[in-house]
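Please look at the sequence and the structure together.

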Amino acid sequence: MKYLLIINMNPTIFETLSEAEREAVFAGHDAFQKELKETGELVGFAALADPAETKTVRVRDGVPAVTDGPYLEAKEFLAGYYVVDCDTVERAGELAAMIPDASFNAIEVRPVMESGGLEM
Amino acid sequence: MTGRDGVEDLLRGLVPQVLGVVARRFGDFDEAEDAVQEALLAAALQWPEQGVPDNPRAWLITVASRRLTDQIRSESARRRREEAVAAMTPADELVASGPADPSGVDHDDTLTLLLLCCHPALSPPSQIALTLRAVGGLTTAEIAGAFLVPEATMAQRISRAKQRIRSAGSTFAPPPPAELPERMRVVLHVLYLIFNEGYAATSGPDLQRSELTGEAIRLVRVLRRLLPEDGEIAGLLALMLLTDARRVARTGPEGELIPLAEQDRDRWNAQELREGIELITETLAVARLGPYQVQAAIAVVHAEAARADQTDWKQILSLYQLLQQLAPNPMVTLNQAVALAMVRGPQAGLAMLDTLADDDRVAGHHRIDAVRAHLLEMAGDQEAARSAYRLASKRTTSLPERRYLEARAGRLPAS
């Protein structure tokens, strides 16, 4: 079963971290990726650029319009994600707890939909 | 000259025999499995170009053994094993022109291999991956493609599965006789899961995955040849054939799911149905009864109805009651509730569903809500049916199922 581990970032909290603590977060991601590769549970991951770099696209009456900035202004934003493939939802929770950001922001664990299905 | 597909079929059939010989000779399942996989890749490249060797099995054993020997020699830390290799027959002598292994131990090897790959220390996804590679002869890339994970991830998963078998103390040898029935049950369950993975695939990018049904059927056929007296192996094969017969009819042109009652039965595969019916009929007459046989018998009752409204639900109900005795399980109760509703009306079915309300094994499972929705619709309670369809739709993690459930909800008039 695949899960998306969503890293929610609150920048005001992140800014309170010391230089050493931030460095530990980056190193923690390297270690987490290494661990996931070794267990055979890593499907993919990405770290996202600052929301200020976001462009939002809307298509109205067939005409696309592009604006700068995110769709919703919020205190938290999506900072990155991991896609893992693991045996149980409990294991997905364990993996989420290993993400360094979990200790000061929050990680959401969402099941990924499957493309197959059975007759009902 | 044999074509690429011909070579692939030939290789797949030879894998368990080759791996059996190499694993026994070198006493290390993990490394033998890697070496055989490399030999298979070499053969898949060379044979279509240069022709199939006179004795393909001996060729594969030789190439795999040579790789293993080279590897062991190059790792000085493994001196202990090197000594063991030195005492063995030189690999080149294996390329004898006569029949490679007259001892006829192939049969046991394939079975031993299946039992090892379905080791109870492994999780089902690992059992599936290892079985597909070591017994089925699929490449890591093919297995990764079927399960939509990167190849490196799948390679790592397979390698860890083999390490876990090793740390559980298992070597390439049959389990003690006392453990055999339970271990065989796991093997059949893994093959059943492989089949279901393929059967659940609907369209487009899932095509590679849909080939898993064929692979599962092939492996059960191999198992049946080894143990022709086993009623549950025959039952599982019949169940797979009878289910696979509906494969084309179960999805529409857009990949949408079509329920059993609405399938175009002319599109069911007549040949698979015939084989499945014959097989389960013969088996039920002689073998000790088991859950796969009963499930196959239920599939036969569906298959024998020319139209959905001609289904003999009374017979299906009594078969589910039998199944409930043999292998009690909330999913069986769920199906039994449907059969009961068809025989005695939706209220009886709904009452049976209520008995599952406190069952932790299925709490919050979307299939319960989906069945409740169908039964409520049958009972004419459209409002409640709509809510139940929507709840099931929220709870499923399958895209085609969600589409189907949303469509059912949408069909009911809003209040």
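Which residue in strand 4 of chain A stands opposite A:R60? The residue is A:V63. This is a predicted model, in which local features need pLDDT of at least 70 and side-chain atom pairs count only at pLDDT 80 or more, while totals for chains, interfaces and linings use all residues. Residues are numbered from 1 along each chain as its sequence is written, and chains are lettered from A and ligands numbered from 1 in the order in which they are written.

**The hairpin of chain A**

- Strand 3 (residues 55-60) and strand 4 (residues 63-68) of chain A run antiparallel and are joined by six bridges.
- Strands are DSSP runs of E with at least two residues, helices are runs of H or I with at least four, and both are numbered from the N terminus; two strands pair if DSSP finds at least two bridges between them.
- Two residues lie between these strands in the hairpin, and A:D61 in the turn has a positive phi of about 50°.

**Contact between the chains**

- In this model, 25 residues of chain B are in contact with 17 residues of chain A (contact: C-beta atoms, placed from the backbone, within 7 Å).
- Helix 8 (151-167) and helix 19 (399-411) of chain B each supply at least two residues of the side that touches chain A.

**Confidence**

- The model scores ipTM 0.87 and pTM 0.87.
- Chain B has a mean pLDDT of 89, and 90% of its residues reach 70 or more (pLDDT: the predictor's confidence in each residue, from 0 to 100).

Terms used. Contact = placed C-beta atoms within 7 Å.
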